[in-house]
Amino acid sequence: MSRKRRKKRSEPESNERWLITYSDMITLLLIFFIVLYSMSELEKAKFNSLIESLQDAFEVKTVESAPTDEIGIDVPDIQLPASVKQPLPESKPKDDEKLDQLYAKLKHYIEENGLSAKMSLVDLPVGVQITFQDSILFEPGEAKLKKDALKVLGDVSGLLNTVNNEISIIGHTDDVPVDKSEFRSNWELSTARAQSVRRYLQKESNVKPARMRVVGYGQYKPKVPNNSRAHRAENRRVNIVVLREKETENPS
């Protein structure tokens with residue numbers, strides 16, 4: 001008797017296979033976010049290292065409670081030192097301070113004695129320059145000091161002795177030829193006038209001769225063009241320049 005084969009029943013298809021795909025996707029996403037998180041932690045470390053380097057360079061401290069930026073990295077609040085926020089003004093050299101005081105005293109003297117028409121004062125990069133028009137010091141064409149000039153030079157030299165800076169005495173003339181036999185040219189006249197001022201400062205006011213130098217430029221360095229009577233009068237002058245220390249030359 002033959003056995004009848006039993007017919008295999010077909011197993012029903014599973015409807016839950018999508019769960020496997022879903023779990024794989026979730027796993028991949030998890031790995032992806034872990035990688036992103038690791039990268040963000042690395043960038044955070046680099047950023048913090050940069051901040052620490054800047055802090056060491058500027059010698060600054062951070063505030064304990066630091067704000068958080070949009071991407072979740074803690075950004076320390078850097079406090080710049082006062083020297084970085086607002087640079088302190090450089091202090092003036094002592095030499096400049098002394099010349100500033102001298103300038104103020106000379107200006108007060110000129111104004112107090114009504115000498116503005118015959119004397120002028122200017123603060124130059126090389127030093128403080130006092131200008132005497134020739135009419136206050138000399139007669140036309142002469143190099144001998146007038147009596148009225150002695151008091152003015154005496155007062156000025158007293159102020160010059162409040163500093164130890166070197167002094168340059170410079171004579172100038174106009175372009176009119178000299179008619180005195182004593183001087184052959186305006187160059188000699190300008191030098192002689194500067195020498196007269198130098199001798200007075202040395203002899204009568206005890207200005208040390210080592211502090212002084214004398215220069216005569218004649219007509220060759222005019223203040224204004226020699227094209228009028230008023231301009232020529234302005235060009236006839238003697239300058240006393242109190243030199244700044246950095247402008248002092250030390251001949252060997």
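Guide: Welcome! A residue counts as buried under 20% relative accessible area, as exposed over 50%, and as partly exposed in between (1.4 Å probe, protein chains only). What you see is a predicted model, in which local features need pLDDT of at least 70 and side-chain atom pairs pLDDT 80 or more, while totals for chains, interfaces and linings use all residues. Residues are numbered from 1 along each chain as its sequence is written, and side-chain values use heavy atoms, leaving out hydrogens and water.

Visitor: How many helices and strands does the protein chain have?

Guide: Helices (H or I, at least four residues) and strands (E, at least two) are DSSP runs, numbered from the N terminus. The protein chain here has 7 helices and 5 strands. Reading from the N terminus, their order is α-α-α-β-β-α-α-β-α-β-α-β. Of the 252 residues in the protein chain, 29% are buried.

Visitor: Which residues of the largest nonpolar core touch the most other members?

Guide: In soluble globular proteins, nonpolar side chains tend to be buried together. A nonpolar core is a set of buried Ala, Val, Leu, Ile, Met, Phe, Trp, Tyr and Cys residues joined through side-chain atoms within 4.5 Å. The largest one here has 33 residues, and those touching the most other members are Met-119, Ile-130, Phe-132, Leu-137, Val-156, Val-197 and Leu-201. Elements giving two or more residues to this core include helix H3 (94–112), strand E1 (119–124), helix H5 (147–160) and strand E5 (237–243). H5 contributes the most, with 6 residues.

Visitor: Where is Val-163 placed?

Guide: Look in the loop between H5 and E3. Val-163 has a relative accessible area of 4%, so it is buried.

Visitor: How many salt bridges does the structure hold?

Guide: Side chains of opposite charge can pair when their charged atoms come close. A salt bridge here is a side-chain nitrogen of Lys or Arg within 4 Å of a carboxyl oxygen of Asp or Glu. The structure holds 9 of them. One joins the side chains of Asp-134 and Arg-193, at 3.5 Å from N to O. Asp-134 is in helix H4 and Arg-193 in helix H6, so this pair ties together parts 59 residues apart in sequence.

Visitor: Are Asp-134 and Arg-193 buried or exposed?

Guide: Asp-134 is buried, at 7% relative accessible area, and Arg-193 is buried too, at 2%. These two residues also belong to a network of salt bridges that links Asp-134, Asp-174, Arg-193 and Arg-236.

Visitor: What does Lys-151 form a salt bridge with?

Guide: Its partner is Asp-155, with the closest N and O atoms 2.9 Å apart. Both lie in helix H5, 4 residues apart, which is about one turn of the helix. Lys-151 is exposed at 55% relative accessibility, whereas Asp-155 is partly exposed at 27%. Another salt bridge brings together the side chains of Glu-234 and Lys-223, at 3.8 Å from N to O. Glu-234 sits in helix H7 and Lys-223 in the loop between E4 and H7, 11 residues apart.

Visitor: How do I read an aromatic pair, and which residues form the one that is tilted?

Guide: A pair of aromatic rings is described by the distance of the centres and the angle of the planes. Rings of Phe, Tyr and Trp (its six-membered ring) pair if their centres lie within 6.5 Å; planes under 30 degrees apart count as stacked, over 60 as edge-to-face and the rest as tilted. By this rule there is 1 aromatic pair. Trp-187 and Tyr-220 form it, tilted, with 5.3 Å between centres and 55° between planes. Trp-187 is in helix H6 (186–205) and Tyr-220 in the loop between strand E4 (212–216) and helix H7 (229–235), 33 residues apart. Trp-187 is partly exposed at 47% relative accessibility, and Tyr-220 is exposed at 54%.

Visitor: Which residue lies over the face of Tyr-217?

Guide: A charge sits over a ring if NZ of Lys or CZ of Arg is within 6 Å of the ring centre and within 35 degrees of the ring normal. Here Lys-221 lies over the face of Tyr-217, 5.2 Å from the ring centre.
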